[in-house]
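Please look over the sequence and the model shown here before reading the report that follows.

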Amino acid sequence: MSFRANHLLGIEPLDRDEITTIIDLADSYAASNRRGNTRRDVLAGMTQINMFFENSTRTQSSFELAGKRLGADVLNMSMQTSSVKKGETLIDTALTLNAMRPDLLVVRHPHSGAVDLLAQKVDCAVLNAGDGKHEHPTQALLDALTIRRAKGRIEGLSVAICGDVTHSRVARSNILLLGKLGNRVRLVGPPTLIPGAFKDMGVEIYDDMRAGLQGADVVMMLRLQRERMDGGFIPSEREYYHRYGLDADKLSAAKTDAIVMHPGPMNRGVEIDGTIADDIHRSVIQAQVEMGVAVRMAAMDLLARNLRARRGSAAADGTMV
Amino acid sequence: MRDTIITNALLIDPEAGTTTLGAVRLHGGLLAEIADSIDVSDADVIDAGGLCLAPGIVDIGVKVGEPGERHKESFASAGRAAAAGGVTTIVTRPDTDPVIDTPEILEFVAKRAGSAARVRVLPMATLTKGRAGREMTEIGFLQDAGAVAFTDGDHVATNTRVYSRALTYAKSLGALVISHVQEPGLSVGAAATSSAFASLRGLPSVSPMAERMGLDRDIALLEMTGARLHIDQITTARALPALKRAKDNGLDITAGISIHHLTLNEMDVADYRTFFKMTPPLRAEEDRLAAIEAVGSGLIDIICSMHTPQDEESKRLPFEVAASGAVGLETLLPASLRLYHAGNLTLPQLFRALALNPAKRLGLESGRLAVGAPADLVLFDADAPFILDRFLLQSKSKNTPFDGARLQGRVRGTWVAGTRIFGEN
């Protein structure tokens, strides 16, 4: 096993082997989940706390389900209504939590880097469930597993990531992961929603949807994050859909067997046509949800193993972890 | 009071651009004699042992927490930090709480500073009331009360009519206005400079062009009003040609830069290290190199610490929402010496930017090694290596980006008006 990290904070610190280790284990979890074998005791006796400073029913449920399937005691803390509102700082929250001795902390936060900051202050394993516009590593990993299951491989594929890249942590994690696995990555969308600086990371940038999708194996759509937009990034949703919404006509530029992905929740009729989203021959969006649980199980399993190993060696040394 | 003679010192003369071994006599708070050797009878003698002796640093734009944030920095702690850093004059910013926008608050500050700090403290006042950019302050009364310059700090006045009137009025009084050039619409909410690095980190960023646009606007207003303007920080290569054109056209404009922008770049932020969060943000390496060259050529006139004390609570936050700025009074000189040791700038060039030019811009007699100038001096060992421990800093706040950094250059003595305020006799 080549996964030795204490936390899963992003794709950036992972190497190719670590990525593959998580995906391989997730693949086996996905298979056994399908067989109905969903109860295990991998995390028995461990406590998992889900701390969501931003609302996210889907991701939180996915982490909750993953933890419960591995036998953890799962506690959901909605930070929207917690003492954070009363002025408690993130560090204070971390120290309070740490005193509760959790084993796994799943954190979503609206500010980039906040999860890293929190991870520095606690003794348990921290999983980044999305921090600001920075990273959402389990989403990229579940996307990779979904691609591998659909196409039989990840390496060498041409992937088009389309839409609101500027506000997307999903896009950043995917650019990093796909780059590490040797894929050709294109970013497609209006120039107001794609930071030009990404060119320096070896991706291609297109502001024409058909040109960007030409010959693509994977079409990854992003949600238009209207809630993060504080200025006019696009003239209107109507025009956005006309130029960048994925419909059958634009999709025809991609390979005939290209798959369509979306991290959800979807804005139908804004970034994607409903019939494309529901097309079982092209869309793997439901598979992404399924792989999400498997990837989170794999990530928590690996982190728990490392945590136990650390605690074991610390106990032997007479030190505390 | 007996004279003091400092012998065997490497005299750094930023006016002449020379470094020569010699001696100085301090008499009545002034430099009374400068020569290769001086008769040492009837005086206290200090053998500098070949260490560097330079005019004391004039640090323009220092934030002190009085009034309002005394827990971050008081005049007493800022004074100690300045003395330990070889800074003999601190020019204080008015972005306090409340802001220094009335003669009464300015007088309070001047009184506090005078009793608490042993270095010279020259306060600035705001250009507009409340730094709101809507109404100019009582510039004349404030000047009478001792304001050496007028600035709204990093609050950029968006109403150009108000700003131009304030500049026009300031000109009639010969007052210096200090401006922060950032196009505010582009820079709002930014925590980093636009780049692949910022994009990857998911940080809200601002294009370097925002600085150029802000500068272009201020240059146009300067042409219109004929005021005296100092730009507090020019940090991007893109802004330099515009600055040069303005100077070549004879406008009364000078520019500064913080030592942090000269010695650090955007990559130092690494994994969201909030002690590296500055306003404007740390720039790309090519910007840093261009700025160093501009200091060398004199295009950028002044290096300052942009001393901004912040307590731990203000910094221990996610990068986007953490407070901006770093302390710098005590690290200004050793950090500046990085540029000397790297071969970027000579010692006279450094002290031209650290002492001579700020003094000239503010109309002070200090900043030079000349007979008749105030005996404000710093004696330092340019080569002494050390590893900076932020908890040993004299400032109340410890937010320095140089914590744990290897630096070279230690202050051995600081004199203000001929009195030694740092170092052992």
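## Annotated residues and salt bridges

In this predicted model, Arg169(A) is found in helix α6 of chain A, which covers residues 169-180. With a relative accessibility of 9%, Arg169(A) counts as buried, because buried means under 20% relative accessible area. An unreviewed UniProt entry places the feature "binding site" at Lys86(A), Arg169(A) and Arg223(A). Of these residues, Arg169(A) and Arg223(A) are included in the lining of the second largest pocket.

| Salt bridge | Closest N and O atoms |
|---|---|
| Arg149(A) with Asp27(A) | 2.8 Å apart |
| Asp301(A) with Arg305(A) | 2.9 Å apart |
| Arg283(B) with Glu211(B) | 3.4 Å apart |

Arg149(A) forms a salt bridge with Asp27(A); Arg149(A) lies in helix α5 (residues 137-151) of chain A and Asp27(A) in helix α1 (residues 16-34) of chain A, so the pair ties together parts that are 122 residues apart in sequence. Arg149(A) counts as partly exposed at 34% relative accessibility, and Asp27(A) counts as partly exposed at 23%.

Asp301(A) and Arg305(A) both lie in helix α11 (residues 285-317) of chain A, where four residues, about one turn of the helix, separate them. Asp301(A) is buried, with a relative accessible area of 4%, whereas Arg305(A) is partly exposed, with 38%.

In chain B, Arg283(B) forms a salt bridge with Glu211(B); Arg283(B) lies in the loop between α9 (259-263) and α10 (285-297) and Glu211(B) in helix α7 (residues 209-225), so this pair ties together parts that are 72 residues apart in sequence. Both Arg283(B) and Glu211(B) are buried.

Finally, salt bridges that share partners join Asp24(A), Asp27(A), Arg148(A) and Arg149(A) into one network.

Notes
Residues numbered from 1 in each chain as written. Chains lettered and ligands numbered in written order. Predicted model: local features only at pLDDT ≥ 70, side-chain atom pairs only at ≥ 80, totals over all residues. Heavy atoms only, no water. UniProt positions renumbered as here; feature names shortened; annotations may be inferred. 1 Å grid on protein atoms, 1.4 Å probe; cavity = no way out; pocket = protein on both sides within 12 Å on 5 of 7 lines; lining within 4 Å. Helix = DSSP H or I, 4+ residues; strand = E, 2+ residues; numbered from the N terminus. Buried < 20%, exposed > 50% of the residue type's maximum accessible area, 1.4 Å probe, protein only. Salt bridge = Lys/Arg side-chain N within 4 Å of Asp/Glu carboxyl O.
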